[in-house]
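Hi everyone, thanks for coming.

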Amino acid sequence: QVQLVESGGGLVQPGGSLKLSCAASGSISSFTAITWYRQAPGKERELVAGITSGGSTNYADSVKGRFTISRDNPKNMVYLQMNSLRPEDTAVYYCNAKRPATWTTLTYWGQGTQVTVSS
């Protein structure tokens, strides 16, 4: 059973930075993609940034140029560096990993970490 554990959330002032971490219990090289999602109160969960096993990245327009996703395969870690944070970035951030299986795709979620951007 794969486990994903997020950390690094907290309270930060507008314009500040945070670095989120996602620790996987197994080898992340087995996942086709690892993605950060976020969900703000009263809103749907949305994709923030993703990275494939080959290193390709994808970002939501709202975070392009401010957030950077990266992965450290030997440590089984994925990171989300968040700079120039805005109040609208406030949300619970979740790590998601996908792995191909026969006839389907397996999806795993972490428990989430709260990010609050406020003065």
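Four bridges join S1 to S3, and these two strands run antiparallel. Strands here are DSSP runs marked E of at least two residues, numbered from the N terminus, and two strands pair if DSSP finds at least two bridges between them. One spot to look at is Ser 7, which stands opposite Ser 21 in S3.

Before I go on, a word on the source: this is a predicted model, where local features need pLDDT of at least 70 and side-chain atom pairs count only at pLDDT 80 or more, while totals for chains, interfaces and linings use all residues. Residues are numbered from 1 along each chain as its sequence is written, and side-chain values use heavy atoms, with hydrogens and water left out.

Back to S1, residues 4-7.

Now the whole sheet. Four strands form an open sheet in the order S1-S3-S8-S7, with antiparallel pairing. S1 and S7 stand at the edges with a single partner strand each, so one side of each is left without a neighbour in the sheet. At the S7 end, six bridges join S7 to S8, and Ser 70 has Tyr 79 in S8 as its bridge partner.

Asn 76 sits in the loop between S7 and S8; its phi is near 55°, a positive value in a residue other than glycine. For comparison, most residues other than glycine have a negative phi. Asn 76 counts as buried, because its relative accessibility is 18%. Ser 84, in the loop between S8 and S9, also has a positive phi, about 50°, but Ser 84 is partly exposed at 40% relative accessible area.

Then there is Arg 66, in the loop between strand S6 (57-59) and S7. Is Arg 66 buried or exposed? Arg 66 is buried, with a relative accessible area of 7%. Its side chain makes a polar contact with the side chain of Asp 89 at 2.8 Å; a polar contact is a pair of N or O atoms within 3.5 Å, where, within protein, one must be able to donate a hydrogen and the other to accept it, and residues adjacent in sequence count only if both atoms are side-chain atoms.

Terms used
Buried < 20%, exposed > 50% of the residue type's maximum accessible area, 1.4 Å probe, protein only.
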